[in-house]
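Hi,

Here is the structure I promised to pass on. Please open it alongside this email; my notes follow below.

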Amino acid sequence: MIKIGDLPDILPAFPLPGALLLPRSRLPLHIFEPRYLAMIDDALKTQDRMIAMIQPNPGRTGDEKGLHAIGCAGRITQFSETEEGRYMVTLGGVSRFRLIGEVDGFQPYRRVEVNWDGFEQDRESSENDVKYDRDAFLNLLSKYFTVRDLSADWETLKEADDELLVNSLSMMLDFEPEDKQALLEAPSLSTRRETLATLIEYFLRGGDAEEMMQ
């Protein structure tokens, strides 16, 4: 388990709407804006190589720079540079955090002060969800993929462990930013799976998709 004392109190922030990073999951990013290229350069010079993924939330402060109260820190685990000078990076999710506030500085990117209390489970080795009917969940997912005309490797999905399945779907499926935030803030894997199922059912009940739920 990673101890709080091993985690930094201040992190560079990447406020990206709709982008979800979860603990023990991986998020690929294509970096091209100069300020975020500088952010990656600076992060790579640190021992922890961590950045804070956090969604914008203008309503929280009444201005365009508002941020949600909870985000997730990720460690740069893979890095490559394209011929055009862009970066392809992969973040490994470390732990969620609660936002304390922003930190002033001369960097072109934003930095945040964070608190790690309350997210101890994120820093454990894994989390299981033993309360759900996997077959029923996969059946619901199949209906969603059919309506959205999406393809999937169903054998891989069936064999994936609980956490990998639920977290990967939460990160990859095309939900609204506020829905993504709800998935991030779910207190447990089972709660996240229930939230995910609710979002899928809500979509399927709408418009022409309603028939799929019969």
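**Helix α3 against helix α5**

Helix α3 (residues 134–148) packs against helix α5 (residues 162–172) at an angle of about 25°, with the axes 13 Å apart. That makes α3 roughly parallel to α5. Their crossing is left-handed. Keep in mind that this is a predicted model.

Which residues meet in this pair? From α3 come Arg134, Phe137, Leu138, Leu141 and Phe145. From α5 come Asp162, Leu165 and Leu169. By class, the contact of α3 with α5 has six nonpolar residues, two charged and no polar ones.

**How α5 sits**

Eight of the eleven residues of α5 are buried, so this helix is largely enclosed by the rest of the structure. The buried ones are Asp162, Glu163, Leu165, Val166, Asn167, Leu169, Ser170 and Met171. What covers them? The cover includes strand β2 (26–31) and the helices α3, α4 (154–159), α6 (177–185) and α7.

**Helix α6 against helix α7**

The axes of α6 and α7 come within 8 Å and cross at roughly 155°. That makes α6 roughly antiparallel to α7. This crossing is right-handed. On the α6 side, the contact uses Asp179, Ala182, Leu183 and Leu184. On the α7 side, Arg192, Thr195, Leu196 and Leu199 take part. Five residues of the contact of α6 with α7 are nonpolar, one is polar and two are charged.

**Arg193**

Leaving out residues up to four places away in sequence, Arg193 touches Asp129, Lys131, Tyr132, Phe137 and Val166. Phe137 is also one of the α3 residues that meet α5. Val166 is among the buried residues of α5.

**The nonpolar cores**

In soluble globular proteins, nonpolar side chains tend to be buried together. Here the largest nonpolar core has 44 residues. Ile31, Met53, Leu173 and Ile200 have the most contacts inside it. Helix α3 supplies the largest share of this core, six residues. A second, separate core has 14 residues, including Met50, Ile54, Phe97 and Val112.

Met53 deserves a look on screen. Again leaving out residues up to four places away in sequence, Met53 touches Phe14, Leu16, Ala19, Leu21, Leu27, Leu29, Gly71, Cys72, Leu91 and Phe97. Phe97, in that list, belongs to the second core.

Best wishes

Technical notes. Residues numbered from 1 in each chain as written. Predicted model: local features only at pLDDT ≥ 70, side-chain atom pairs only at ≥ 80, totals over all residues. Heavy atoms only, no water. Core = buried A, V, L, I, M, F, W, Y, C linked by side-chain atoms within 4.5 Å. Buried < 20%, exposed > 50% of the residue type's maximum accessible area, 1.4 Å probe, protein only. Helix = DSSP H or I, 4+ residues; strand = E, 2+ residues; numbered from the N terminus. Contact = heavy atoms within 4.5 Å. Axes fitted to C-alpha atoms, helices over the stretch in contact; angles between N-to-C directions. Parallel < 35°, antiparallel > 145°, perpendicular 65-115°, else oblique. Left-handed = near helix turned anticlockwise from the far one by under 90°. Nonpolar A, V, L, I, M, F, W, Y, C, P; charged D, E, K, R; others polar.
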